[in-house]
Amino acid sequence: MPNPKDYAILFDASRCIGCKACQVACKQWNDLEAEKTENRGSYANPPRLTAHTWISMRYYEGLRPDGDPYFDFIRGSCMHCTHAPCVASCPTGAMAHREGGVVTVDEKTCIGCRSCVQACPYEAVHFDEARGVVHKCTMCYDRISNGDQPACVKACPTDALTFGTYQEIRAMAEERVRVLKERGYARANVYGLAELGGTHVLYVLTEHPSQYDLPKAVREAEKRAATGWLSAGIAAAALGAGLKFIVERREALKGGGQ
Amino acid sequence: MITINLPNPMGEEHWGLWIALYFFLAGTTGGAYLLSVLFYGKDQGLVRRSALWAFLGVAVGAGLLVIDLGQPLRFLNLLLNGFHPASVMWLGSWFLVLAGAGLLWVYLKPTSRGVQQGVAVLVALVVGYTAVLLMQTAKPFWNASPLLPWLFLASAATAGGALLQLWYPHEKLSRLVIASALVEGAVLALHLIWTYPAATPGVLALLVGPLAWAFWGFVVVGWGLPLFLERRNVALAALLTLVGAFLLRYFVVMAGQV
């Protein structure tokens with residue numbers, strides 16, 4: 001669980017209008033270069049996060065089982081996990097938690113091994129070919145450590161994004177879900193309370209997280225590695241003993257027969 | 001900041017050809033050393049010669065890892081920038097250094113069998129950690145089943161045995177290679193079935209997609225044909241097994257990133 005005084009962002013999908021002001025503000029404040037993209041039949045553009053795109057809105061449209069149309073938006077970005085797989089898998093300590101629970105990468109230490117790129121279940125860390133290091137959302141650490149809001153939150157015109165302490169943000173999210181349920185959104189929920197030790201970015205959703213391609217029940221990198229070590233130990237012992245048995249037992253039998 | 005960024009043949013941020021080649025070199029030569037210690041401990045000439053190959057495999061493999069980094073000149077950060085036991089990459093870097101030193105020692109100086117077995121434990125860690133490294137990521141083809149270490153260790157035994165066979169065509173080795181190849185095939189089939197629900201695109205890419213050439217190339221040329229030829233033409237069987245071992249590492253590395 002994050003510290004109650006940690007920094008946190010709330011994304012309220014029920015208030016979002018999908019205008020991409022946050023995406024643009026992020027590019028501007030962090031001085032991220034533009035990318036050449038193409039129309040893929042969706043408003044999502046670029047279609048995924050990259051080293052130069054730290055927020056990318058995702059769009060979900062269709063008909064619900066009862067025939068009602070829906071058009072939903074998700075702010076895809078780093079979730080600033082408490083048990084962050086990128087931090088656990090980093091061999092140099094370049095990817096680390098800073099004060100307030102924010103996860104950032106130290107560009108001067110990063111060696112560009114891409115362990116974190118492979119480890120992130122939100123695909124929020126990406127490798128910058130030109131500079132040989134990885135980049136990701138910093139929660140605008142330069143702004144928030146000086147008492148300001150992150151650029152994306154500042155730019156949001158509908159209060160879908162809110163910045164505050166984890167305690168405030170979590171209370172706000174839970175209150176919003178209560179209100180949404182009263183208004184008939186029976187499946188309204190908060191995403192990010194249980195995932196990876198609690199994330200510092202919380203989502204208020206009106207549908208199940210799988211509707212927005214958000215992973216549920218993500219295993220922590222430490223646990224995945226522990227399973228791997230255990231399996232490797234058993235495999236080494238079993239294969240070593242098994243091969244020894246198969247090969248040398250036959251030899252012993254042959255020797256005994258002579 | 002000095003940047004030497006050698007292009008990765010696979011492009012983008014993927015772990016690609018260099019990584020697969022390293023897995024192959026370390027797995028094959030390490031497997032050969034493990035088998036020689038496990039089954040031919042009395043033949044000090046063979047043990048010391050296979051220690052030399054394994055040293056070369058580990059050294060060249062480590063070189064490939066360094067040129068694959070985004071910042072190769074900072075590779076010492078892997079070892080000297082703090083203690084990160086949760087990171088499989090960090091542990092693996094130390095295993096590589098320690099196993100390399102141990103192998104060189106076994107090759108250069110007459111050592112007791114206890115020392116050679118101790119170095120064999122380090123080499124087994126080098127062979128095994130590569131699978132745990134993949135399992136620590138968020139990619140379902142690598143971590144949805146715990147079988148990857150079994151696959152890599154069985155493949156190391158098959159390919160290591162094949163390497164020894166090239167100038168030590170001994171009946172015991174043939175039986176060993178056949179036994180471990182059968183285990184390897186069974187583990188691979190089980191892994192594909194197990195990961196299919198979580199990693200459907202990756203498994204399909206192997207069976208019928210862009211990686212089918214590597215997968216079926218392995219199954220037919222690198223696994224089935226050597227099993228058939230094992231009793232007929234050992235040298236050809238061993239060479240094909242080595243090709244298969246590379247194809248296996250290659251398609252496992254690529255399928256996780258489909």
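The model is predicted, so local features need pLDDT of at least 70 and side-chain atom pairs count only at pLDDT 80 or more, while totals for chains, interfaces and linings use all residues. Residues are numbered from 1 along each chain as its sequence is written, chains are lettered from A and ligands numbered from 1 in the order in which they are written, and side-chain values use heavy atoms, with hydrogens and water left out.

**Annotated site**

- The unreviewed UniProt entry places a "binding site" feature at Cys16(A), Cys19(A), Cys22(A) and Cys156(A). UniProt positions are given in the numbering used here, with shortened feature names, and annotations may be inferred rather than shown by experiment.
- These residues span 141 residues in sequence, yet no two of their C-alpha atoms are more than 10.7 Å apart, so they gather at one spot.

**Cys16(A)**

- Cys16(A) sits in the loop between β1 (7-12) and α1 (21-29) of chain A. Helices (H or I, at least four residues) and strands (E, at least two) are DSSP runs, numbered from the N terminus.
- Cys16(A) counts as buried, at 13% relative accessibility. Buried means under 20% relative accessible area, exposed over 50%, and partly exposed in between (1.4 Å probe, protein chains only).
- Beyond its neighbours within four places in sequence, Cys16(A) is in contact with Phe11(A), Met57(A), Phe73(A), Thr158(A) and Ala160(A). Contact means heavy atoms within 4.5 Å.

**Cys22(A)**

- Cys22(A) belongs to helix α1 of chain A and is also buried, with 9% relative accessibility.
- Not counting residues up to four places away in sequence, Cys22(A) touches Ile55(A), Met57(A), Cys152(A) and Leu161(A).
- Met57(A) is on the contact list of Cys16(A) and on that of Cys22(A).

**Backbone geometry**

- Most residues other than glycine have a negative phi, and most peptide bonds are trans.
- The peptide bond joining Asn45(A) and Pro46(A) is cis, with omega about -5°. Pro46(A) is placed in the loop between α1 and β2 (56-63) of chain A.
- Asp31(A), although not a glycine, has a positive phi of about 55°. Asp31(A) is found in the loop between α1 and β2 of chain A, and it is exposed, with a relative accessible area of 70%.
- Arg114(A), another residue other than glycine, has a positive phi near 75°. Its place is the loop between β5 (103-105) and α3 (115-119) of chain A.
- Whereas Asp31(A) is exposed, Arg114(A) is buried, with a relative accessible area of 2%.
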